[in-house]
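Me: I would like to learn how to read the place where two parts of one chain meet, and I would be glad to be taken through it slowly.

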Protein chains: 2
Amino acid sequence: MIIGTDIGGTKINFACVQAEEVSGGVISLKTPDNIQGILDVFFEGIGNLACQNNIKAIGIATAGTVDLENSKVTGSTGNMPDGYDSLELKKILKEKFSIPVFVENDANAAAFAEFKTGNARGHMNTITLTLGTGIGGGIIVDGRLLRGRTGAGAEVGHMPITPQKKRKCTCGSWGCWEAYASGTGYAVTAREMAEKIPVEKREGILKEKKIPELTTYDIISGLNNNDPFAIEVHNMWEEYLSMGIASLINIFEPDSIVLSGGMAKFINYEVLNSKVKERVIMQATLLLPAKYENFAGLLGAAYLAGEKFNL
Amino acid sequence: MIIGTDIGGTKINFACVQAEEVSGGVISLKTPDNIQGILDVFFEGIGNLACQNNIKAIGIATAGTVDLENSKVTGSTGNMPDGYDSLELKKILKEKFSIPVFVENDANAAAFAEFKTGNARGHMNTITLTLGTGIGGGIIVDGRLLRGRTGAGAEVGHMPITPQKKRKCTCGSWGCWEAYASGTGYAVTAREMAEKIPVEKREGILKEKKIPELTTYDIISGLNNNDPFAIEVHNMWEEYLSMGIASLINIFEPDSIVLSGGMAKFINYEVLNSKVKERVIMQATLLLPAKYENFAGLLGAAYLAGEKFNL
């Protein structure tokens, strides 16, 4: 029995993992806004798991980057509290629980879960993308996680997909894939496209709402009503999405790319496949939905801990 | 002693490789326009090497894709003769020479040479780019070549860098990095930029030549004379170059990217570094010139054969 946990910006999830399954349900607690709070919640969550007295290791998936030794956080993201960018998770938890601890970036852990027991099972080369407010990725090359020089690799959201310095990315650069193909990018595209339509020609959802207030949700619901503008925006989004996916296929020639995250459920796979196939050299890579959504990270972290400590 | 060879569209090179060096010079023969001719030249070249009676293995770097078993060509490029796309190199050469044969794609072999004994020595994560009429790449992840599902990975030249369907790539797609940042792309950029300048404002090299006849060479020589138009074109090229390099850095977080090929010698590293740094999350990746140019492929193939057969 291994504990799998996932520390994100809004929630911390905990579960007991055994025989490649969550055993006894997932405990989900709100992420506190300070480091001590996060540790307290961590101890509380583990204390409430049914398997707490029978565990061999703890696997932690976390937002931010993790060192090559899989022991501590080395870089944070905007939605984590101050001080999280150097949190010695392994050291702190080992002292408290006296069992082995393994830490991995959440997108990497999620990719590992899809590879081990999810929809990319048996695919020795596979990438899992998380399409949400940003775009994250975890990459498996020949059955192993690609981590890079310090563990900060797989930042696939930050491939530039246009030379235009028009959309600034959260990373400080311009024209990143994430700025176009994430949920945030989706709404920006909608507003940009709407601005180009003369007022007298604005119909459907464009009559109902002011342009600066258009959201991704508006377009998706318009799409469900066959709104022509929504269809156009969605098509553009799938075009942007296909660009980064094609880059990854041309670079990695993977067996599959798994699409997870809030935006993934809006993908029309037939359309996306045809757009991607126009852009790739090798045609056999499968585009697949994720098997796991919210619990991919904790499962993957538990699997990785199991492999690391031969459990 | 291992024979290293490199089969390209214009030349086939041969050398004896020992103790991480070419021993006794390189034999270079013209590539024939048919398969039988290539094999004949191959036998001739090996027959003329001083080490021919004292070799343990043959390593072959070749244009095109190579199967996962490193035994045969599985896909060709436009400049190789018909039938090259399924050439059973290992089988044919093993029958002739009765020694182990190892086949690898030329860009992969070149990257391996730079990694083993070249300017990326000791860099466990490194990429070697070949900037010529196209853009090729070989990628080392944790000390091993990234090959993909069938051996056709590392096609880094075909990352889309613009959503505009304006420049068609040799691969059939649009907007590939190679269509902008290769030598061919360089000249296209020059002509496109020149067309936008009104006739009466065309100066320097733009007065000397008709736009459709502008070549990469013209711009480079203009650059050496501080021609303002040439400077502008070159700056745009380095911008395009920085986009693909930034994608690779964000994805692989490598120790280094080695720049080889005919176009690499025109890079201003200070300018390129500053453009790349604007676009990447992690700043430590080194941009380096290649140690080997023409002989990287045959050296890498010999090293790979040595590793494979424990020589």
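Me: How many residues of domain 1 of chain A are in contact with domain 2 of chain A?

Reply: Contact means heavy atoms within 4.5 Å, and by that rule 12 residues of domain 1 of chain A touch 15 residues of domain 2 of chain A. The domain bounds, which come from an automatic or database domain assignment, are 2–113 + 294–308 for domain 1 and 123–289 for domain 2. This is a predicted model, in which local features need pLDDT of at least 70 and side-chain atom pairs count only at pLDDT 80 or more, while totals for chains, interfaces and linings use all residues. Residues are numbered from 1 along each chain as its sequence is written, chains are lettered from A and ligands numbered from 1 in the order in which they are written, and side-chain values use heavy atoms, with hydrogens and water left out.

Me: What area is buried between domain 1 of chain A and domain 2 of chain A?

Reply: The size of an interface is often given as the accessible area lost when the parts come together. Here, with a 1.4 Å probe and the loss summed over both parts, the buried area is about 980 Å², and carbon and sulfur atoms give 54% of that. On the side of domain 1 of chain A, the most area is lost by A:Leu68, A:Asn108 and A:Ala111, together 49% of what that side buries.

Me: Which side chains meet in a salt bridge?

Reply: A salt bridge is a side-chain nitrogen of Lys or Arg within 4 Å of a carboxyl oxygen of Asp or Glu; the side chains of A:Glu104 and A:Arg147 form one, at 3.1 Å from N to O, and the count between the two domains is one.

Note on methods. Buried area = accessible area lost by both parts, 1.4 Å probe.
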